[in-house]
Structure formats: C-alpha cells, structure tokens
Amino acid sequence: MLVSMRQGLDEASKGGYGVGAFNVNNMEQIQSIMEAARETKSPVIVQASRGARSYSQDRFLYHLMVAATELYPEIPTVLHLDHGNSPATCKSAIEMGFTSVMMDGSLMEDGKTPSSFEHNVAVTREVVEMAHAKGVTVEGEIGCLGGIEDGHGAGGDGLEHLTDPDQAVEFVEKTGLDALAIAIGTSHGAYKFSKAPTGETLKMDTLIEIHRRLPNVHLVMHGSSSVPKDLQDIINQYGGKLKPTWGVPVEEIQLGIRNGVRKINVDTDNRLAITGAIRKVLFESPEKFDPRDYMKPARDAMKKVVAERMTEFGQAGHGKDYAPLPISEMIKGYANGSLDPRPSMAGAR
Ligand code: 13P
C-alpha cells in the first residue's frame with residue numbers, strides 16, 4: 001500500500017527528523033531506495049518528475065512502485081509527483097495512484113517563466129481542493145529555484161527569486177497546502193555553487209525566518225544534493241568531464257531540519273553515483289556488454305548514497321514508528337478540518 005506523505009511529514013515533525021525524497025526513472029533506482037530503506041529502517045518518499053513519468057510511460061513507474069510495496073511491505077512508502085506544472089498534470093498523477101503531488105505554481109505551465117503570486121495561489125488552491133478530496137498530500141512552492149532539470153526551472157543561480165517570508169505566510173493561509181517548498185539559493189543539477197556556499201549564496205537565514213513565521217508548516221528543501229567531491233572524482237577518473245562544483249553541505253541541511261525542514265529533495269547525487277559506477281566498469285572491463293555487469297554496481301552505488309542521506313537526515317530507524325493510515329482516513333481528516341495547516345504562531349508576525 002502506498003501511503004500519504006502528509007502523515008509521514010507529521011510524524012517526522014514529531015520526531016524532529018527530515019525525510020529524503022529521491023527521484024526515480026527506472027527499476028534499479030527504485031530498488032536502490034527500497035534496499036537502503038530496509039537496511040536503515042527508514043520511511044521512504046519516492047518521487048517522479050514529469051520527465052520521469054514520460055520516460056517510464058507512467059504506468060511502468062506506477063507498477064514498479066506497487067511491486068516495491070509488495071516486496072517491502074514493512075516500509076511506509078510514498079509516491080510523490082515532483083514539480084507538477086499544472087492542475088491537469090497533478091490530476092493525472094492522482095488518477096494514476098500517486099499519494100502526493102507537487103503543484104509548482106511558482107512557474108507558469110511552461111515550467112520556465114516565473115509566475116505571479118495570484119497565479120500561484122489560484123493553481124495551488126485548485127490542486128489542494130482536488131487532492132484533499134482524495135486524501136492526497138499537496139506540496140506547493142513559493143519563490144523559484146535556480147537551474148533547469150528535465151526542461152523544468154527558472155534558470156539562473158537561485159538568488160533571483162528567493163522566497164519572501166511575508167508572502168510565504170500569505171501563501172500558506174490562502175492555499176491550505178501540506179508542505180511548502182522554499183527558494184533559498186539552491187538550484188537543480190550538479191552546478192549549484194562555484195565555490196563552497198556561504199550565507200550570501202545559501203540563505204539559511206531566510207529559511208530560519210520562514211520557520212519562525214510558520215512554525216507548524218512542513219518546509220521542503222529542493223536542489224539539496226551535496227555533489228560530493230568523491231563522486232565527481234570517480235566520474236572524472238574514468239573519462240568523464242565534470243567541471244569543479246559545490247552542492248549543499250549536509251550540515252546546512254541538518255540545520256534546516258532543526259528549523260522545520262521535513263522533506264529534502266535529492267536527485268543529482270544519485271545520478272552521479274550511478275554514472276561513476278557505470279563508467280568505472282566500462283573503463284576497466286571494456287570487453288563487458290551484459291547490462292547487469294554495470295547496472296548492479298550502479299544500483300549498489302546509489303543505495304550507498306541513499307542510505308547515507310537517510311542516516312544524515314535522521315529518518316533512519318523511524319520506519320516502524322507509526323501505522324500508516326489508509327487514504328480514506330486522510331480524506332476524513334481533510335474534510336473535518338483536523339488536517340488543516342496551522343500556519344502562524346500567535347504573535348510571530
Ligand atoms: P538536486 O539536483 O540537487 O538533486 O535536486 C533535486 C530536486 O530538487 C528535485 O526536485
């Protein structure tokens with residue numbers, strides 16, 4: 001059974017930990033995450049972008065996720081849509097069986113052009129109404145991340161459209177969403193920072209201020225790969241050509257977790273791990289041509305990164321803390337108001 005993201009984030013909030021949300025496109029990536037979760041006894045968020053849904057023809061991905069819940073029944077597993085660009089995209093994910101959707105109304109439907117606040121509120125509110133009626137969780141975004149991945153993103157270095165804390169409060173009040181993605185200087189992809197980030201380029205002070213104003217709202221950090229040097233080095237050692245680059249240090253993510261961050265999006269680190277492992281096999285054993293010869297080490301390399309992040313984010317050991325509620329219970333909770341967000345702490349503004 002795929003479970004609600006909202007319940008998982010509420011539990012993470014009680015336990016004071018964060019939950020990694022790892023992107024997938026294929027079977028091996030799903031296997032890596034599920035194995036890492038079993039090893040570390042973690043709850044799991046698997047997420048798929050529009051690009052992933054199209055790559056996997058949607059239904060392959062969904063059924064692989066059903067297989068994951070059959071093979072790993074002890075693990076509370078969420079299937080989340082990453083960066084839905086329109087209510088129609090979110091609707092098709094909900095119809096497919098996703099238990100959580102992101103409506104990224106910070107960009108227009110083209111997935112590139114920053115939108116107005118009014119547009120963002122309108123599309124996010126529409127998705128909240130549609131999703132909550134089915135017990136499905138909604139993540140929204142205020143402010144725009146940098147970079148472009150899978151054709152989605154505002155570009156730039158992530159400092160152009162930082163989240164305004166006042167707007168964040170108004171956005172939560174007007175939309176009634178479950179989780180809020182904020183822009184604090186991170187970008188999608190490998191090239192986030194040209195040197196180790198400082199308070200000028202990675203605005204943790206903005207995150208802390210948003211949490212002060214919205215102490216009961218689950219915050220989401222996108223673009224949170226750490227882009228470790230050892231993973232870059234393996235790729236370059238075996239014929240790759242990555243330019244020197246820096247990601248988001250794990251200690252900064254841990255600071256975020258102490259300040260309301262409950263979901264942390266990671267894709268690039270896993271891509272780097274997979275590519276490094278494949279390059280190594282093909283470089284060292286050019287005679288090999290069975291895909292399993294390089295996909296198995298690739299799967300192991302991704303599993304290692306995911307298990308490390310699960311431990312660092314604090315979700316390890318929490319996989320059996322709670323009995324997942326059926327989605328029908330979530331529908332009731334949204335209908336009777338018990339799952340309404342409680343945005344502001346009295347006097348915080
Ligand atoms: P990274 O590119 O840093 O892994 O970010 C992934 C992400 O935010 C997906 O939404």
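Does Asp 58 count as buried or exposed, and at what relative accessibility? The close-ups below come from a predicted model.

**View 1. Asp 58 lies in the loop between α3 and α4.** Helix α3 spans 50-55 and helix α4 spans 59-71. Asp 58 counts as buried because its relative accessibility is 16%, under the 20% cut-off. The phi of Asp 58 is near 60°, a positive value in a residue other than glycine. Most residues other than glycine have a negative phi.

**View 2. Val 227 also has a positive phi, near 45°.** Val 227 is not a glycine either. The loop that holds Val 227 runs between β7 (218-221) and α9 (229-237). With a relative accessibility of 3%, Val 227 counts as buried.

**View 3. The ligand sits in the largest cavity.** A shell of 14 residues surrounds the ligand. The closest are Lys 192, Gly 223, Ser 225, Asp 267 and Thr 268. Strands β3 (77-84) and β8 (261-266) each supply at least two shell residues. By class, the shell holds 10 polar, 3 charged and 1 nonpolar residues.

**View 4. Side chains of His 222, Ser 225 and Thr 268 face oxygen atoms of the ligand at polar-contact distances.** For Ser 225, an N or O atom of the side chain is 2.6 Å from a ligand oxygen. For Thr 268, the side-chain distance to a ligand oxygen is 2.6 Å. For His 222, the corresponding distance is 3.2 Å. The protein covers 97% of the 310 Å² of accessible area that the ligand has on its own.

Conventions: Residues numbered from 1 in each chain as written. Predicted model: local features only at pLDDT ≥ 70, side-chain atom pairs only at ≥ 80, totals over all residues. Heavy atoms only, no water. Helix = DSSP H or I, 4+ residues; strand = E, 2+ residues; numbered from the N terminus. Buried < 20%, exposed > 50% of the residue type's maximum accessible area, 1.4 Å probe, protein only. Near = heavy atom within 4 Å. Polar contact = N/O pair within 3.5 Å; in protein donor to acceptor, adjacent residues only side chain to side chain. Areas by Shrake-Rupley, 256 points an atom, 1.4 Å probe, with all protein chains shown as cover. 1 Å grid on protein atoms, 1.4 Å probe; cavity = no way out; pocket = protein on both sides within 12 Å on 5 of 7 lines; lining within 4 Å. Sits in = over half its atoms within 2 Å of the grid points. Nonpolar A, V, L, I, M, F, W, Y, C, P; charged D, E, K, R; others polar.
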